[in-house]
2 protein chains.
Amino acid sequence: MKECALLAVGDELLDGRVTDTNSDFISSRLQSLGWRIVLRAAVGDELRTLADTVSFALRVSDLLVVTGGLGPTRDDLTREAVASALGRELERDPEVEQRLRSFFDAMGREMSPSNARQADRVRGAEWLQARLGTAPGQWIEEGGRVIVLLPGVPREMRDMLDNDVIPRLKERYPGGEASTAVLLVAARPESEVGERVSEVLAGLEGLKVSYRALTGQVEVRLSAAEAGLVEEGRKRVRGALGDWVVAEGEESLEGNLGRELRERGMTLAVAESCTGGMVGERITRVPGSSDYFRGGVVAYSYKAKEELLGVDAGLLLERGAVNEEVAAAFRSGVREKLGADLGLSVTGVAGPGQGVEREPVGTVALAVADGNGVSTFKYRLPGNREMVRMFAANIALALAYFRVRGVSTQNLR
Amino acid sequence: MKECALLAVGDELLDGRVTDTNSDFISSRLQSLGWRIVLRAAVGDELRTLADTVSFALRVSDLLVVTGGLGPTRDDLTREAVASALGRELERDPEVEQRLRSFFDAMGREMSPSNARQADRVRGAEWLQARLGTAPGQWIEEGGRVIVLLPGVPREMRDMLDNDVIPRLKERYPGGEASTAVLLVAARPESEVGERVSEVLAGLEGLKVSYRALTGQVEVRLSAAEAGLVEEGRKRVRGALGDWVVAEGEESLEGNLGRELRERGMTLAVAESCTGGMVGERITRVPGSSDYFRGGVVAYSYKAKEELLGVDAGLLLERGAVNEEVAAAFRSGVREKLGADLGLSVTGVAGPGQGVEREPVGTVALAVADGNGVSTFKYRLPGNREMVRMFAANIALALAYFRVRGVSTQNLR
């Protein structure tokens, strides 16, 4: 089996400021190509240790992927360290330097001299294009091994890995791909998902299953050497949990909600309180969401609830802001104001304090409505402020998705 | 400065199933004792790679802390690997073996032969007592360096680290607790921050500086063995970049904005388009933000811009939605509707498509206003949809923070 080492570079990874999510991402991508990860390491912005670790990692692996340390500042030392570990020179590429300069010109800014270091390439390396940032990556061959240098900014790294590195790896090391399927299940507890999945997959030898709890969602991952086996498992999981599966593979819940709305020519409006804009932010992550998303209201104060949504002040004073009635009033308010087909609302107490509300921390009320009527829901959610908010946003999006597809949410109340 | 390496052992750490929280914990404990972490690594249950990594880690550090691989099963290989890396024998300790046997007797279970392996000690090692499990740890001295073996179960590891290892380390390496300072700079490019910081810190020998780019913000981190040196560096950086420093240490920009608003008894309202709720979400991350945050409007469609904010339809048709005039109209709309002291607005083209707008992708217009007037800004931001949105949200919060504190934003236009 092909063996791979991952090396992440940056002081921030060593002192606990930043979790190395890059290596998790790369690891999952490479494993599905049949690579075995034998070493994961993180080192700081220090030339000698970095060069030593590169040399060491090359001794135990066929492929070394280095992330980070490609930026313009003095502590970005990956280029120098890899060159030193391989005993090669660094060469400045005038074409790349010119491209960097044009980038800064287009932004109306002057390029500082240190930025030119991003045009330094280990002798013999091929460039990997930087579409989302200024730091290009490098692909280096050394004694039958491959070293790939990628930027540390996660989205730049992901773009380069998926669009440049993986196609090259497939060509350089053909065969051996493992098959995987990922299903995202919403509004069901992890234990229930686990039990139902185990039940339906009984007898499928060689199929590996793992779970990841994601605050109101559970990710189910199936993998096997044989694609047919994964496909059979995927069908069975969909059969058992069908309506609650809100996304598969690279899809997202918000993306699928958008697709369903667009197909039906429907529009959406949102009213939020405790989530403070999180639901709108999720919906508008999707490119083209302006086709169906009319907009929303973040009604944090009672005044905002009255002014923007026309919620009756008496109702707020009498019942507090966190209950199904207010959620429904919210939803009607925003739906009418914005002339949307579907109205969605979330109100709740995220904590840590209970504030003026009478409901305990973690209480969340939701309402969703279309032309056919309104459904309201009330949950008591676990965890801290951040978890309650994420949970509430995930549940809200799932409820909208269920409603649009006509999935019964009777037993979610 | 004393240098330390952390090594976590177990296949589950390499394939992304389990996140290595042990190393984060150990890292934070050791840093507060003045240790600098120079390497973090994870390897699987494979003898050769494990032994090689132990040897390598000892070459770059004075202290190596290994977690995991001390259990009773065949794939627990840390003892063997460390013995092999040091060229020493493993010795079974009859006293510990007897203690293990008594432990199983007390559980009413028979001890399997493999469990006796937990009584194997690297020759010359001292035992670290297992109070919460069966696997004892080991403290090994080798050529002036220390190797500590701890169990992988987080609870057992933490107990052993806090109660046995840290007291020993304090005795073995007295003094030297380190100092750090972290400053978050907004609305300035990383290269400019790097150059100005290098300039003002010239001559401060022994002060280590690192940078991290955070999409519209740059984190500057200073550290040194001597607290006075860090404090001097911190003062100089504040002196050079003072107004643009939006947070220090554990603070956040949104938290500091909230504190300034609360101190002045001011309230805030937000109107967003391209950020879709992201600015509101950031503001409401802060517990107690309901004291000053009135709410906001996500005006994604032209209809929402008219209905919720009273923006003139003629202006939208004539000029498009992404310009300073519309941003100012947004800001006035939301400020009046919600009766807030400070109004903040963001409108822009996040891409990937330009849609109906006449401005290119990445164009963002912002406006911020209080009783004294309004300031408008227009940026051309780099990157993809996600980056433009994050950048816009960071800039918006920074502009509000500058405005509240009366910082001139003249040269940001």
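This report describes a predicted model with chains A and B, from its domains and interface to its sheets, cores and single residues.

Residues are numbered from 1 along each chain as its sequence is written, and chains are lettered from A, with ligands numbered from 1, in the order in which they are written. Because the model is predicted, local features need pLDDT of at least 70 and side-chain atom pairs count only at pLDDT 80 or more, while totals for chains, interfaces and linings use all residues.

**Domains and interface**

Chain A is divided into domain 1 (3-172), domain 2 (179-248) and domain 3 (253-412); such bounds come from an automatic or database domain assignment. The centres of domain 1 and domain 2 of chain A, taken over C-alpha atoms, are 34 Å apart.

The contact between the chains takes 68 residues from chain A and 67 residues from chain B. Two residues are in contact if their C-beta atoms, placed from the backbone, lie within 7 Å. On the chain B side there are 27 nonpolar, 24 polar and 16 charged residues. Here Ala, Val, Leu, Ile, Met, Phe, Trp, Tyr, Cys and Pro count as nonpolar, Asp, Glu, Lys and Arg as charged, and the others, Gly among them, as polar.

**Strands and sheets**

Helices (H or I, at least four residues) and strands (E, at least two) are DSSP runs, numbered from the N terminus. Two strands pair if DSSP finds at least two bridges between them.

| Strands | Sense | Bridges |
|---|---|---|
| β14(A) with β14(B) | antiparallel | 5 bridges |
| β2(A) with β2(B) | antiparallel | 5 bridges |
| β1(B) with β2(B) | parallel | 7 bridges |

Across the β14 pairing, A:Ala299 stands opposite B:Gly295, and A:Gly296 stands opposite B:Val298. This pairing lies within an open, mixed sheet of 10 strands, in the order β17(A)-β16(A)-β15(A)-β13(A)-β14(A)-β14(B)-β13(B)-β15(B)-β16(B)-β17(B). The β17 strands (373-380) of chains A and B stand at the edges with a single partner strand each, so one side of each has no neighbour in the sheet. From one strand to the next, the twist averages 10 degrees.

In β2(B) (residues 36-43), 8 of 8 residues are buried. A residue is buried if 20 or more other C-beta atoms lie within 10 Å of its own, exposed if 12 or fewer, and partly exposed in between, with C-beta atoms placed from the backbone. Within β2(B), B:Val43 stands opposite A:Leu39, while B:Ala42 is the bridge partner of B:Ala8.

**Cores**

A nonpolar core is a set of buried Ala, Val, Leu, Ile, Met, Phe, Trp, Tyr and Cys residues joined through C-beta atoms within 7 Å. The largest has 145 residues, of which A:Ala396, A:Ala400, B:Ala396 and B:Ala400 touch the most other members. Helix α13 (residues 385-405) of chain B gives the largest share of this core, 15 residues. A second, separate core of 102 residues includes A:Ile37, A:Trp139, B:Leu6 and B:Ala41.

**A helix and a loop residue**

Helix α4 (residues 78-86) of chain A has 8 of its 9 residues buried, including A:Arg79 and A:Leu86. A:Gly87, with a positive phi near 65 degrees, follows this helix.

A:Met107 lies in the loop between α5 (94-106) and β5 (120-122) of chain A. Because 15 other C-beta atoms lie within 10 Å, A:Met107 is partly exposed. Apart from its neighbours within four places in sequence, A:Met107 is in contact with B:Arg380 and B:Pro382.

Key:
Axes fitted to C-alpha atoms, helices over the stretch in contact; angles between N-to-C directions.
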